[in-house]
Amino acid sequence: MPESTASDAPRSVNDLNPFVPAPAGPKRVRTRHFSNAKKHGIPISGLTSYDMLTAQIFDQAGIDFLLVGDSAGNNVFGYETTLPVTVDELIPLTRAVARAVTRALVVADMPFGSYETGQTEALHTAVRFMKEAQAHAVKLEGGVRSHKQIKRIVTSGIPVMAHIGFTPQSEHGLGGHIIQGRGDAAEKLLEDALAVQDAGAFAVVLEMVPATVAAEVTSKLEIPTIGVGAGPNVDGQLLVWTDFAGMTEGRVPRFVRQYANVRSVLTDAVHQFKSDVESGVYPGPEHSYE
């Protein structure tokens, strides 16, 4: 009996939409599913996560990939920027997220100073995240300037998600939180996008770029684009979970939609707990052992 030949045509709903868990159980999202999603016009969803509990919630809700971002600097460690974050700080966070999920792709952010000096350093950092933190892929910033590092990592068998546009690790060099890709800079953004694609990245984050420019870049790439403030005409969307859930205090970026106000809920609960302790209502008989 002759062997059956592979076909690009979807054989079932789950083949068409690889991000829908199979009826028999969870289906692990792989990098190849990102390519399939772009091909079939299936939107990709991503959130940051820094711990086991949020990772479980997001994974069970069907979020396609979780980024253990260096945004932990602002949201976990209390730094003013992402620049002080180290590999040693991110590895235990990544390990916790990776252990918590059964389906989502876990991407580890390579922090500032862990890949800029050359290909060898970049590969060493990526290997640490894969080996010590059990990540499924890594992410690093930069287009043309990071081409060699991305290529070295990819050719060593480690998937890379690229990140161009506004790159937080370069905020001082960029002059602050400024929209990237406007006017003549749109050509440079496309050049960066093509460079990371050529290097072998399986997807690229476009952060804080005009929606029309992001749409043009998306149309010219074979790999999917993940928007962070890049408008609707990209292949997927990524948000920092503390922003989208209303945990962040103060100003949030314009592109963020807050889907909940978790900070307010927690604040009310803490006030109630304090009041109950002070009044003697808690613990009651139902909370005590005989």
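Modeller: Before we start, a ground rule: a residue is buried when its relative accessible area is under 20%, exposed when over 50%, and partly exposed in between (1.4 Å probe, protein chains only). This is a predicted model, so local features need pLDDT of at least 70 and side-chain atom pairs count only at pLDDT 80 or more, while totals for chains, interfaces and linings use all residues. Residues are numbered from 1 along each chain as its sequence is written, and side-chain values use heavy atoms, with hydrogens and water left out.

Colleague: Okay, what makes Asp192 buried or exposed?

Modeller: Its relative accessible area is 9%, and the cut-off for buried is under 20%, so Asp192 is buried.

Colleague: And why is Asp192 with Lys188 called a salt bridge?

Modeller: The term needs a side-chain nitrogen of Lys or Arg within 4 Å of a carboxyl oxygen of Asp or Glu. For Asp192 and Lys188 the closest N and O atoms are 2.8 Å apart, so the pair qualifies. Both residues sit in helix 9 (residues 185-199), 4 residues apart, about one turn of the helix. Helices here are DSSP runs of H or I with at least four residues, numbered from the N terminus.

Colleague: Which parts does the salt bridge of Arg263 and Glu249 tie together?

Modeller: The two side chains meet at 3.3 Å, N to O. Arg263 lies in helix 12 (residues 262-279) and Glu249 in the loop between helix 11 (241-244) and helix 12, so the pair ties together parts that are 14 residues apart in sequence.

Colleague: What is the story with Glu278 and Lys274?

Modeller: Another salt bridge, with the closest N and O atoms 2.4 Å apart. Both residues lie in helix 12, 4 residues apart, about one turn of the helix. Glu278 is exposed at 60%, whereas Lys274, at 47%, counts as partly exposed.

Colleague: How many salt bridges does the structure hold, and which residues are linked in a network?

Modeller: The structure holds 9 salt bridges. Asp88, Arg128 and Glu132 are linked in a network of them.

Colleague: And how much of the chain is buried?

Modeller: Buried residues make up 46% of the 290 residues.

How values were computed. Helices (H or I, at least four residues) and strands (E, at least two) are DSSP runs, numbered from the N terminus.
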